[in-house]
Amino acid sequence: MDIASPADERHASVPDFPGFLARIARGLPAHCILTRPEQTRVYECDGLALYREQPPVVVLPENEAQVIAVLKACREHNVPVVPRGAGTGLSGGATPHPQGVVVGLAKLNRILRLDPETCVAVVGPGVRNLAISEAAAPYGLYYAPDPSSQIACSIGGNVAENSGGVHCLKYGLTVHNVLRVRVVTIEGDIVELGGEAPDAPGLNLLQAFIGSEGMLGLVTEVTVRLIPRPQLARVVMASFPSVEQAGEGVTRIIAGGIIPAGLELMDKRSVHMVEPFVQAGYDLDAEAILLCESDGTPDEVAEEIARVEILLRQAGATRLQTSSSEQERLKFWAGRKNAFPAAGRISPDYYCMDGTIPRRHLGKVLAAIAEMEGRFGLRCANVFHAGDGNLHPLILFDANQPDEVERAEAFGAAILELCVQVGGTITGEHGVGLEKINQMCTQFTRDELDVFSALKRAFDPYGLLNPLKLIPTLVRCAEYGKMHVHQGDIRFPDIPRF
C-alpha cells in the first residue's frame with residue numbers, strides 16, 4: 001500500500017463522474033466519449049498486458065480545444081487523467097486509473113507543417129513515427145529515432161517515453177531530435193517548451209518534459225528535427241561462437257573511434273526465434289549475432305566497413321556478411337525489429353524488459369541472466385542496443401499459469417536490480433510506468449525522488465496527471481526494502497509500515 005503525497009491527499013475524494021461527463025458532453029461530440037464496457041475494454045492496458053485496469057471512461061479529443069476542455073473538466077471534478085498514444089508502450093505508463101479517464105490523443109494525427117529548408121516538421125501527437133519519415137522522403141529527409149514499433153507508435157508517445165531505436169547510438173533518442181512541444185497543463189493552459197531557434201527564452205524545461213510519461217501535461221503539438229537521408233547505408237552481420245566475444249566486438253568498435261549508425265546484438269535463442277518468422281538469413285549456428293550499420297557517402301561507408309570487419313575478426317567473428325543492396329539491409333534489420341512479435345511463435349506470452357548497463361559488463365550480465373533462467377524456471381531471449389548498453393531481455397512465460405506470471409515478474413525485477421548493481425539504470429527507452437516503480441527505490445535516494453516529486457507538483461499541484469506512476473512514495477520504498485528508515489537518517493522515520 002502506498003501513501004499519497006499531500007497534494008494527492010487534498011484530492012483523494014471520489015471523482016465527480018456525472019458532473020465530469022456532463023461537462024465534457026458540452027464541448028465534445030458524443031462519438032468522442034466512450035463509457036460502455038465493450039468500448040472501454042480495449043483501453044485496459046498498453047503493450048505491457050501484465051497490468052490491466054478497465055477505465056470508467058475514455059475520451060478521444062479531435063483537436064486542441066477539446067483537449068483543453070477535457071483537462072479543465074478533470075481539474076474541476078477531480079478526475080485523474082491517463083494520457084494514451086498508440087498503446088505500444090511497454091512499461092504500463094498508459095495503464096488506466098480505476099477512478100480516472102483515459103485521454104487518447106490518436107486523433108490529433110495531422111502533419112501540420114513540413115519545411116525542407118529549415119529541416120523541421122510540426123506534427124500532432126497522434127502522427128505515427130514512420131509517417132514523418134514517409135512525408136519527408138520526397139525531400140531527401142527523415143526523422144531519425146526509429147523504435148521497433150515505429151510503424152504503429154505515435155510521436156506523442158515517443159515524447160512521453162523518450163523513445164530510441166536501433167539507430168539511436170549515432171542519431172540520439174527522442175530528446176535529441178525534438179525542438180519544441182506544445183503542452184496543455186492540468187489547468188487547461190497552453191505552454192510551449194523549446195523552439196526552432198538555437199535557444200529559447202526562459203527555463204530550459206524541454207528536456208525535463210520529454211520522458212515524463214504524461215505526468216506533467218498533455219502534448220498537442222511536436223516540432224521535430226529532420227536530417228538528410230544518407231547516400232548509402234550497409235550492414236555487416238557478424239556471427240560469434242559466444243556472447244562474450246560479440247560483446248568484445250562491440251567494445252573494439254567503440255574503442256576504435258567508430259560510431260556506427262546502428263550496433264545491435266542478438267543471442268542464439270533470439271536468432272532461432274526470429275529467423276523462421278523473417279527469413280533474414282541469420283546464422284543459426286552462431287551463439288550470438290552482431291549487426292553493425294555504416295552510413296554516409298559511398299567512400300565513407302566503404303572505409304568504415306573495412307575497419308569494422310578487421311575489428312570483428314579480431315574479436316573472434318566466425319562469419320561476416322555485408323548487405324549488398326538496400327533490400328538486404330532492410331531484411332537484416334527486419335529480423336531485429338521483429339524480435340518482439342516473433343516471440344509469439346515460441347511462447348504464449350513474453351515480458352520485455354528494458355535496462356542499461358556499461359558495455360564492458362555485457363558478458364557478465366548475460367551470464368547472470370542465463371543463471372536466472374534456471375533459478376526462475378523460465379526461458380529468456382536477449383536482444384540489445386549493444387552500442388549504448390541498452391538491453392531488452394524477453395522473458396518467455398504462459399500467463400495461463402499463475403505461478404509463471406509471478407516468476408516472470410520476479411525474473412524481470414532481478415534483471416533490473418542487476419543493471420543497477422553493475423552501474424547501469426532501470427530503463428533505457430521504455431520508461432518506468434507501473435512496471436519499474438519499485439526499482440526506482442533501488443536506483444535513486446529519497447532526496448532524489450523528492451526532487452522528482454517537486455518537479456511534478458510544479459506542473460501538477462493536484463496530483464491528477466497519470467497518478468500512481470513513475471515516482472514511488474517513501475512507504476513504497478520502505479516496503480520494498482530499499483529505503484531504510486532508522487535513527488532519523490531520512491525524513492519521517494516514524495512513518496507507519498503497511
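Tyr 350 is partly exposed, with a relative accessible area of 31%. In this predicted model, Tyr 350 forms a tilted aromatic pair with Phe 340, and Phe 340 counts as buried at 11% relative accessibility. The structure holds five aromatic pairs. The chain as a whole contains 18 helices and 19 strands, and 55% of its 498 residues count as buried.

**Aromatic pairs and a charge over a ring**

- The rings of Phe 340 and Tyr 350 lie 6.4 Å apart, centre to centre, with 35° between their planes.
- This pair links distant parts of the chain, since Phe 340 belongs to helix α13 (residues 339–342) and Tyr 350 to strand β16 (residues 349–352), 10 residues apart.
- Phe 376 and Phe 411 form a stacked aromatic pair, with 5.2 Å from centre to centre and 15° between the planes.
- Phe 376 is part of helix α14 (residues 362–376) and Phe 411 is part of helix α15 (residues 402–421), so their pairing ties together parts that are 35 residues apart in sequence.
- Phe 376 counts as buried at 13% relative accessibility, and Phe 411 counts as buried at 0%.
- Arg 75 lies over the face of Tyr 462, at 3.7 Å from the ring centre.

**The chain as a whole**

- The chain has 18 helices and 19 strands.
- Its radius of gyration is 23 Å, close to the 23 Å that the globule rule gives for 498 residues, so the chain is as compact as a globular protein of that length.
- Along its principal axes, the C-alpha trace spans about 65 × 55 × 45 Å.
- Of the contacts between residues at least 6 apart in sequence, 72% join residues at least 24 apart.
- The accessible surface of the chain comes to about 20,300 Å², and 53% of this surface belongs to carbon and sulfur atoms.

- Asp 146 is found in the loop between β7 (141–142) and α6 (155–161).
- With a relative accessible area of 6%, Asp 146 is buried.
- The side chain of Asp 146 is joined to that of His 167 by a polar contact of 2.6 Å.
- A polar contact of 3.2 Å joins the side chain of Asp 146 to that of Lys 337.
- Leaving aside neighbours within four places in sequence, the residues in contact with Asp 146 are Asn 129, Gly 164, Gly 165, Val 166, His 167 and Lys 337.

- In helix α5 (residues 129–136), the buried residues are Asn 129, Ala 131, Ile 132, Ser 133 and Ala 136.
- These buried residues of α5 pack against β5 (111–115), β6 (120–123), β7, α6 and β10 (218–225).
- In helix α10 (residues 268–278), the buried residues are Ser 270, Val 271, Met 273, Val 274, Glu 275 and Val 278.
- The buried residues of α10 pack against the strands β13 (262–267), β14 (288–296), β18 (379–385) and β19 (390–397), and against the helices α12 (326–337) and α13.
- Helix α10 is followed by Gln 279, whose phi is positive, near 55°.

**Thr 174, a buried loop residue**

- Thr 174 lies in the loop between α7 (168–171) and β8 (178–184).
- Thr 174 is buried, with a relative accessible area of 1%.
- Apart from neighbours within four places in sequence, Thr 174 is in contact with Tyr 143, Pro 145, Asn 158, Val 159, Asn 162, Ser 163 and Ile 210.
- From C-alpha to C-alpha, Thr 174 and Gln 207 are 9.8 Å apart in space, and they are 33 residues apart in sequence.

**Gly 428, a partly exposed loop residue**

- Gly 428 has its place in the loop between α15 and α16 (437–443).
- At 23% relative accessibility, Gly 428 counts as partly exposed.
- Apart from neighbours within four places in sequence, Gly 428 is in contact with Asp 354, Thr 356 and Asn 390.
- Gly 428 and Glu 53 are 375 residues apart in sequence, and their C-alpha atoms are 25 Å apart in space.

Terms used. Residues numbered from 1 in each chain as written. Predicted model: local features only at pLDDT ≥ 70, side-chain atom pairs only at ≥ 80, totals over all residues. Heavy atoms only, no water. Phe/Tyr/Trp six-rings, centres within 6.5 Å; stacked < 30°, edge-to-face > 60°. Helix = DSSP H or I, 4+ residues; strand = E, 2+ residues; numbered from the N terminus. Buried < 20%, exposed > 50% of the residue type's maximum accessible area, 1.4 Å probe, protein only. Lys NZ or Arg CZ within 6 Å of the ring centre and 35° of its normal. Polar contact = N/O pair within 3.5 Å; in protein donor to acceptor, adjacent residues only side chain to side chain. Contact = heavy atoms within 4.5 Å. Rg over C-alpha atoms; globule rule 2.2 N^0.38 Å. Areas by Shrake-Rupley, 256 points an atom, 1.4 Å probe, with all protein chains shown as cover.
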